[in-house]
Amino acid sequence: MTDPNRQNDEPVNPAQGPEPVISKPYIMPDEPEEGSAEALAKEAAESRDKMLRTLAEMENLRKRTTREVADARAYGISGFARDILDIADNLQRALDAVPAEAKASADPGLKALIEGVELTERSLLNTLEKNGVRKFDPSGEKFDPNFQQAMYEVPDPSVPAGTVVQVVQAGYMIGERVLRPALVAVSKGGAKADTKPLEN
């Protein structure tokens, strides 16, 4: 039985008082409280910003990939085309080796051989053009170091200085790029090329 007048047998620990009340941590005024509308709006704005940046990066990647694929299609055969140019040069040298008077007075067998070499050269150049490689001959043009390589100078007062007077080896372009610059001879000693007088 329990005695109502009897005190509780359990000893009271004087160090253990009533449980302390825990207050909320202090939140800086510029940091919104978690779960508040302000915090959610800030999180939504950050997520939107990240999403827009990701979309922009993906669009840039798509454009860069499209450009790289187009370049690969246009310029992927550069190494092969450069090797083929030696064959075109040799065909041209073979044709240049036969003097004009020998071509005119040649027997039918030699004429057929010359025509065969000419046909082969034309066919090769047409095939190169179908694949974006085109031959250029800068004879009579002003020397441009971006497309031509000067081999030597020729004293020729009949044309302006800096004019291409002889093409030693034809140049080739692939797309908008120089596959091989033309090897040229440039005039010197003539009048200055295309200089405009100063207007007062």
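This is a short tour of the structure above, one selection at a time.

The model is predicted, so local features need pLDDT of at least 70 and side-chain atom pairs count only at pLDDT 80 or more, while totals for chains, interfaces and linings use all residues. Residues are numbered from 1 along each chain as its sequence is written, and side-chain values use heavy atoms, with hydrogens and water left out.

**Whole chain**

Start with a cartoon of the whole chain. The chain has four helices and six strands; these are DSSP runs numbered from the N terminus, with helices being H or I of at least four residues and strands E of at least two. Followed along the sequence, the pattern is α-α-α-α-β-β-β-β-β-β. Of the 200 residues, 20% are buried (buried means under 20% relative accessible area, exposed over 50%, partly exposed in between, with a 1.4 Å probe and protein chains only). Among contacts between residues at least 6 apart in sequence, 63% join residues at least 24 apart; a contact means heavy atoms within 4.5 Å.

Select residues 133-136, which are strand 1, and 177-180, which are strand 5. Together they form an open sheet in the order 1-4-5, with antiparallel pairing (two strands pair if DSSP finds at least two bridges between them). Strands 1 and 5 are at the edges with a single partner strand each, so one side of each has no neighbour in the sheet. From one strand to the next, the twist averages 40 degrees (axes are lines fitted to C-alpha atoms, for helices over the stretch in contact, and angles run from 0 to 180 degrees between N-to-C directions).

M173 has V178 in strand 5 as its bridge partner.

Next, select strand 2, residues 148-155, strand 3, residues 164-169, and strand 6, residues 182-188. This is an open sheet of three strands in the order 2-6-3, with mixed pairing. Which strands stand at the edges? Strand 2 and strand 3 do, each with a single partner strand, so one side of each is left without a neighbour in the sheet. Here the twist averages 30 degrees from one strand to the next. Strands 3 and 6 run antiparallel and are joined by four bridges. Show Q166 and look across to A185 in strand 6, which stands opposite.

Select S78, which is found in helix 2. Is S78 buried or exposed? S78 is buried, with a relative accessible area of 14%. Leaving aside residues up to four places away in sequence, S78 touches I174 and L179.

**The largest pocket**

Last, select D89, Q92, V168, Q169 and A170, which lie nearest the centre of the largest pocket among its 15 lining residues. Helix 2 (78-97), helix 4, strand 1 and strand 3 each supply at least two residues of the lining. Helix 2 gives the largest share, five residues.

Terms used. 1 Å grid on protein atoms, 1.4 Å probe; cavity = no way out; pocket = protein on both sides within 12 Å on 5 of 7 lines; lining within 4 Å.
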